[in-house]
Amino acid sequence: MVLRPLRTLPPTADAPIADAWLERIAASLADPTLDRARFCREVLCELAYPHYVADWATAVHDAAVPLGTRLALAALDPRNVTLEPEYYAECDDEKFQRVKPLLWLWYSFDRLPLAGQNVDLGVRFRRLLAPHIFKRCGERFKAFQHVEFSFGYNMEVGDDVVVHRHVLLDDRGGIVMGNKVSVSDYANIYSHTHSIVDQVDVTNAVTVLEDGVRITYHATVLAGVRVCTEGMVGASAVATKDVRAYHVNVGIPAKSVRVKPNAPSGTADRLSTSADRGE
Ligand SMILES: CC(C)(COP(=O)(O)OP(=O)(O)OC[C@H]1O[C@@H](n2cnc3c(N)ncnc32)[C@H](O)[C@@H]1OP(=O)(O)O)[C@@H](O)C(=O)NCCC(=O)NCCS
């Protein structure tokens with residue numbers, strides 16, 4: 001075994017600019033009267049179309065500006081786009097319209113040359129947005145690029161949670177993550193499912209990843225599954241049923257192949273009960 005903790009890198013030359021920009025973002029988000037749609041549009045316009053910052057509204061309606069440019073400018077305002085969850089029958093419009101500008105900002109930011117794979121800036125920026133989107137967000141939340149949500153407002157996240165690139169967090173029925181949960185690249189966590197007979201028959205069920213859980217690369221966790229403390233879902237597995245504490249489940253459907261050697265005696269080999277969880 002080789003221990004390879006992450007290295008610390010020296011600050012990049014633009015660090016003071018990034019710090020100042022992030023401070024400005026944080027200050028805006030802290031203002032309860034913030035017009036989030038306008039904020040989203042202004043942030044994106046400054047980053048993507050700086051030439052139009054002063055006269056965005058004029059340019060959108062200016063026949064002399066190419067149609068595609070007008071469309072692209074208009075789409076900086078989240079009120080001019082629709083997101084998939086808005087079509088869901090159970091979407092809570094009041095909650096969703098409140099978080100939608102920040103989701104649109106998150107997704108759009110990730111597609112800019114400035115952002116995307118720019119780890120330090122991206123992680124710090126998303127860490128500012130997350131508490132204003134989620135139902136609950138713990139300390140030191142870390143999300144890499146191209147993470148997607150359903151509603152966003154149905155996410156409950158503990159401390160020291162890491163979500164890697166291209167992860168789908170479908171919180172339609174709700175996702176609850178404990179502390180120190182890690183979700184690896186290209187994993188999918190679902191909390192809704194469809195009837196095999198009638199596609200519009202949708203069941204929402206809260207999916208729970210307890211403390212210390214690791215969902216590894218390309219794995220999928222289906223709606224309503226509970227992965228218990230320190231449980232692990234192997235690469236490309238599909239967890240269709242609960243995963244016992246400290247168990248490593250692999251394959252499709254995911255089954256236990258081992259118990260982690262650090263399992264305290266008596267805690268593994270069973271699912272956590274509501275009493276364990278203090279419920
Ligand atoms: C889940 C995982 C950690 C299991 O590793 P492990 O405990 O060392 O398990 P082993 O390699 O001894 O495998 C045990 C058995 O499960 C099988 N297996 C292991 N991982 C599997 C997977 N992802 N899918 C299907 N079968 C798998 C092995 O072939 C072996 O089967 P066998 O006994 O018939 O030979 C590993 O396979 C995995 O998926 N790693 C993903 C990468 C990772 O570590 N991510 C960490 C978070 S970023």
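**Notes on the model**

1. The ligand is surrounded by 14 residues, of which Thr-216, Gly-234, Ala-235, Val-250 and Val-257 are the closest; a residue counts as near a molecule or strand if its C-beta atom, placed from the backbone, lies within 6 Å of it. This is a predicted model, in which local features need pLDDT of at least 70 and side-chain atom pairs count only at pLDDT 80 or more, while totals for chains, interfaces and linings use all residues. Residues are numbered from 1 along each chain as its sequence is written.

2. The shell around the ligand comprises seven nonpolar, five polar and two charged residues. Here Ala, Val, Leu, Ile, Met, Phe, Trp, Tyr, Cys and Pro count as nonpolar, Asp, Glu, Lys and Arg as charged, and the others, Gly among them, as polar. At least two shell residues come from each of β18 (247-250) and β19 (255-259). Helices (H or I, at least four residues) and strands (E, at least two) are DSSP runs, numbered from the N terminus.

3. In the loop between β18 and β19 lies Pro-253. The peptide bond joining Ile-252 and Pro-253 is cis, with omega about -10°. Most peptide bonds, by contrast, are trans.

4. Five strands form an open sheet in the order β1-β4-β7-β12-β15, with parallel pairing; two strands pair if DSSP finds at least two bridges between them. At the edges stand β1 (136-137) and β15 (226-227), each pairing on one side only. Strand β12 (residues 207-209) runs parallel to β15 and is joined to it by two bridges, with Leu-209 opposite Val-227.

5. The largest nonpolar core has 56 residues, and Leu-105, Ile-215, Val-221, Val-227 and Val-233 touch the most other members. Such a core is a set of buried Ala, Val, Leu, Ile, Met, Phe, Trp, Tyr and Cys residues joined through C-beta atoms within 7 Å. Buried denotes 20 or more other C-beta atoms within 10 Å of a residue's own, exposed 12 or fewer, and partly exposed in between, with C-beta atoms placed from the backbone. Helix α5 (93-110) gives the most to this core, with seven residues.

6. His-166 lies in the loop between β5 (162-163) and β6 (168-169) and is partly exposed, with 16 other C-beta atoms within 10 Å. Lys-180 lies in the loop between β7 and β8 (182-183) and is likewise partly exposed, with 18 C-beta neighbours inside 10 Å.
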